[in-house]
Amino acid sequence: MFRLYKLRYTKVFLLGALAVISIYGCVPTRDVREEKTALPDKFGEIQSKDTLNTANLNWREFFQDPQLIALIDTALVNNQELNIMLQQVSMAKNEIRARKGEYLPSVNIGAAAEVEKVGRYTSQGASDANTDIRPGEEFPEPLPGYSVGAFASWEIDVWKKLRNSKKAAVMEYLSTVEGKNFMITNLISEIAESYYELQALDNELAIIEQNLEIQANALKTLKLQKQAAKATELGVRRFQAEVLKNQSELYEVKQEITETENKLNFLIGRTPKPIQRSSNDFLEKKMDSISTGIPSQLLQNRPDIRQAEFELAAAKLDTRVARANFYPSFAINAGVGLEAFSTKFLTSTPESLLYYLAGDMVAPLINRNAIKAEYATANDRQLQAIFEYEKTILNAFIEVKNGVSRIENLRKSYELKEQQVEALTESIELTNKLFRSARADYLEVLLTQRESLESRMELVETRKDQLLARVTLYKNLGGGWK
């Protein structure tokens, strides 16, 4: 049922509003320092200031292995965590629509029906009994009532509280988008790392199998020498123990391959299946150089930095919203419709017409502790967001600096390990010749084969570390999501 309201915009209302506004002229303020985004001009002492940046490469150009690209493509569609994040982005977008609606007028329509019986000896009952609808026609008892109409309400956003709240929702949405981008670059990086680990394990398995074949031939020679009384049972047993040790390592590597394959299957969102890859040219993979650009480019390329930046912007807007709570809020309510005690009179106008227009002002006057506390909390959150933003920038710079150093040191290490493997490979052939001619004992053969195996395994590990370092630096520069 609609009630008729009198117009409330009077001189008393306006004077009261001005008085409250003057009271709220002294709203508490708190200065929060600005964020610091300054970075060095370059990542290293001898590095140039060239702005060419590998992060601007699309991941399809950075990774040139078609089987790896196929895995990443599948993951970007099926990965569960990424799809969960996409729903988070969608929810943040819906929040913008919800907050936008808060500062727009709200219009509703309604209809109502009721019946009312009042006591005869009451003010309304006595009045109804002595009032005729028409001459000789009394009010019906009980009295029905029917109404239909439209009504609207609108909070006037004088202090931009609602608009700033909507802008904060936009910043939160953009933050979730950057969070999604950060998840994409991490997902691509994790898939590439697991793929290279799988190729490295394939090579380690092949090295162990080759070494077992060499040891089997040496063991056969040793047994023949024992039969000829040129070797002892001790040598045979020691060699057999070494073969058994390597066979055990063979199964450990096979288990690691299974687990790594299943990890990749999980990342691409499917049940365990063999991972298609080509591992024969693992040690011959090209190590293209990476251009790091200048540190200031991190502010635009790193999704986590942009995410922290948008979160800071949202925190600043939330502080403005919290400050606006100290001021009075203004609202307008209006309605128009038809009302009668009988449906046959409902369309009789202007007799059944009703309308109202009302203005409201509400302002906290005495107990403002809750508003002060919320404002203080909003300022603390803003300062917290500043620290988080600065921490993210500093962490990004250090990650890139460490990555540049790691790539260079791994390059030097790989060159030395290559020479070590070459020397030990030649020593195996030499030792085997000396052993067959009884000019070297089994211990020299055993130690040489063990050292050669370890050096070749270390070479594969170093190559894997090089590939992982390149992927990590590409990610740390902000690549992989564009």
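## Strands β1 and β4

In this predicted model, strand β1 (residues 106-116) and strand β4 (residues 143-156) run antiparallel and are joined by eleven bridges. You can follow the pairing through individual residues: Ser 106 has Ser 153 in β4 as its bridge partner, while Glu 116 is bridged to Leu 143 in β4.

## From β4 to β5

Strand β4 also pairs with strand β5 (residues 329-340), again antiparallel, and eleven bridges link β4 to β5. To find this pairing in the picture, look for Ala 152, which stands opposite Ala 334 in β5.

As background, strands of a sheet pair through backbone hydrogen bonds, in either a parallel or an antiparallel way.

## The whole sheet

Put together, the strands form an open sheet of four, in the order β1-β4-β5-β6, with antiparallel pairing. The edges belong to β1 and β6 (353-362); each has a single partner strand, so one side of each is left without a neighbour in the sheet. On average, neighbouring strands of this sheet are turned by 20 degrees against each other, direction ignored.

## A glycine in helix α5

Now let us turn to a helix. Gly 125 lies in helix α5 (residues 123-129). Is Gly 125 buried or exposed? Its relative accessibility is 6%, and buried means under 20%, so Gly 125 counts as buried.

Which residues does Gly 125 touch, not counting those up to four places away in sequence? They are Val 118, Gly 119 and Arg 120. Gly 125 and Glu 141 are 16 residues apart in sequence, and their C-alpha atoms are 9.9 Å apart in space.

Definitions and conventions. Residues numbered from 1 in each chain as written. Predicted model: local features only at pLDDT ≥ 70, side-chain atom pairs only at ≥ 80, totals over all residues. Heavy atoms only, no water. Pairing = 2+ DSSP bridges. Helix = DSSP H or I, 4+ residues; strand = E, 2+ residues; numbered from the N terminus. Axes fitted to C-alpha atoms, helices over the stretch in contact; angles between N-to-C directions. Buried < 20%, exposed > 50% of the residue type's maximum accessible area, 1.4 Å probe, protein only. Contact = heavy atoms within 4.5 Å.
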